[in-house]
Amino acid sequence: MRVLAPEEWGERERAHAERMRRWTRPRQERRSRGEKHPVLDFLFEYYSYRPGHLERWHPGAGVVLAGGERFLERPGYVRVEGGVALDPAAFTEKKAQTARYFLALLEKTASRAPRLSCFGLHEWAMVYRQSPEQVRHNQLPLRLGGAGTDAVVDSLDIRCGHYDAFRFFTAPARPRNALQPTRETQPELEQPGCLHANMDLYKVCYKLDPFVPSELLADCFELAVEIRELDMRASPYDLSALGYEPVRIETPSGRAEYARLQGGFARRAAPLRNRLIAQCHYLLSLHK
């Protein structure tokens with residue numbers, strides 16, 4: 001096991017908390033005022049990791065914290081020679097099953113070439129042929145209005161392979177999708193160009209908490225924030241009042257811009273996915 005001196009792990013702990021407070025503090029302030037943010041709240045509501053947990057630093061498995069006795073107050077930590085570390089026995093069979101599932105999903109996703117032809121139409125399919133009061137973010141106007149939004153969906157092919165986006169499609173939009181993903185087919189359909197698959201790297205991290213180093217979790221969270229912004233900029237909603245410029249995927253130039261940005265996120269997500277694959281392999285090697 002690697003041993004970290006108090007000065008080293010203390011600095012990493014402080015740096016992580018400060019890094020995450022850029023996002024957690026505004027979220028907590030919004031909640032105290034009863035305010036909603038249709039872009040950023042997704043990172044704390046759809047993804048269920050609480051702000052206080054996001055700020056909390058963990059070294060991950062296989063690391064000894066010299067002088068880290070206060071970590072014994074947290075579940076999963078034990079005394080070891082040289083300090084305190086996560087107890088391998090706390091990596092239960094349930095956690096191992098989670099790691100096996102995500103490992104298979106991550107490896108299959110990484111084995112495929114990115115597809116960049118969906119153009120973010122999943123958000124449009126979620127409001128297709130709905131009345132204004134039924135629209136998910138009905139506090140926001142639709143840039144093209146209801147009829148204009150429906151016309152875009154009617155004019156373009158929908159190729160969404162991500163189940164957790166597809167399950168929110170309206171009933172009229174579902175048959176228009178070239179794929180009919182299910183939870184069972186997710187490992188066969190997930191691909192590294194998908195914005196939601198790349199945002200979900202953050203979910204993998206917190207589902208394996210506290211056995212994933214917090215620096216990796218933070219890297220995945222910050223990538224998810226940027227991807228979420230593109231996701232909503234390319235949506236049918238008018239977010240100009242919040243300072244977001246639209247990516248007009250209803251136009252050829254907008255679709256080209258979306259594919260370019262999507263490709264950039266796929267390249268940035270690849271090393272994070274590989275780090276998570278290595279972490280899952282390591283954790284499963286410790287599980288007896």
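Analyst: A cavity here is a set of points on a 1 Å grid over the protein atoms alone where a 1.4 Å probe fits but cannot get out, while a pocket is an open set with protein on both sides within 12 Å along at least five of seven lines; lining residues have an atom within 4 Å of a point. Grid points are joined across faces, edges and corners, and a volume is the space filled by probe spheres set on the points. Keep in mind that this is a predicted model, where local features need pLDDT of at least 70 and side-chain atom pairs count only at pLDDT 80 or more, though totals for chains, interfaces and linings use all residues. Residues are numbered from 1 along each chain as its sequence is written, and side-chain values use heavy atoms, with hydrogens and water left out.

User: How many cavities of 30 Å³ or more are there, and what lines the largest cavity?

Analyst: The count comes to three. For the largest cavity, the lining has 16 residues, with Cys-118, Cys-160, Gly-161, Gln-191 and Cys-194 nearest its centre. Sorted by class, that lining is seven nonpolar, six polar and three charged residues. In this scheme Ala, Val, Leu, Ile, Met, Phe, Trp, Tyr, Cys and Pro count as nonpolar, Asp, Glu, Lys and Arg as charged, and the others, Gly among them, as polar.

User: And which residues line the second largest cavity?

Analyst: That cavity has about 40 Å³ of space. Its lining includes His-16, Tyr-49, His-53, Arg-56, His-58, Cys-205 and Asp-209. Two elements, α3 (51-55) and α10 (214-233), each give two or more residues to it. Helices here are DSSP runs (H or I, at least four residues), strands are E runs of at least two, and both are numbered from the N terminus.

User: What about the open kind: which residues line the second largest pocket?

Analyst: The second largest pocket has a volume of about 150 Å³. Among its lining residues are Tyr-49, His-53, Arg-56, His-58, Arg-74, Asp-209, Pro-210 and Phe-211.

User: Now helices. How do I read the way α9 packs on α10?

Analyst: Two packed helices are described by the angle between their axes and the distance between the axes. For α9 (residues 195-207) and α10, the axes come within 8 Å and cross at roughly 150°. Axes are lines fitted to C-alpha atoms, for helices over the stretch in contact, and angles run from 0 to 180 degrees between N-to-C directions. The pair is therefore roughly antiparallel; the cut-offs are under 35 degrees for roughly parallel, over 145 for roughly antiparallel, 65 to 115 for roughly perpendicular, and oblique for the rest. The crossing of α9 and α10 is left-handed, meaning the near helix is turned anticlockwise from the far one by less than a right angle (clockwise would be right-handed). Residues in contact (heavy atoms within 4.5 Å) include Leu-195, Met-199 and Tyr-202 of α9, and Leu-217, Phe-221 and Ile-227 of α10. By class the contact has 13 nonpolar, two polar and two charged residues.

User: Are α9 and α11 roughly parallel or antiparallel?

Analyst: Their axes come within 9 Å and cross at roughly 30°, so α9 and α11 are roughly parallel. This crossing is left-handed. The contact includes Ala-197 and Val-204 of α9, with Phe-265 and Ala-269 of α11. Its residues divide into 11 nonpolar, two polar and one charged.
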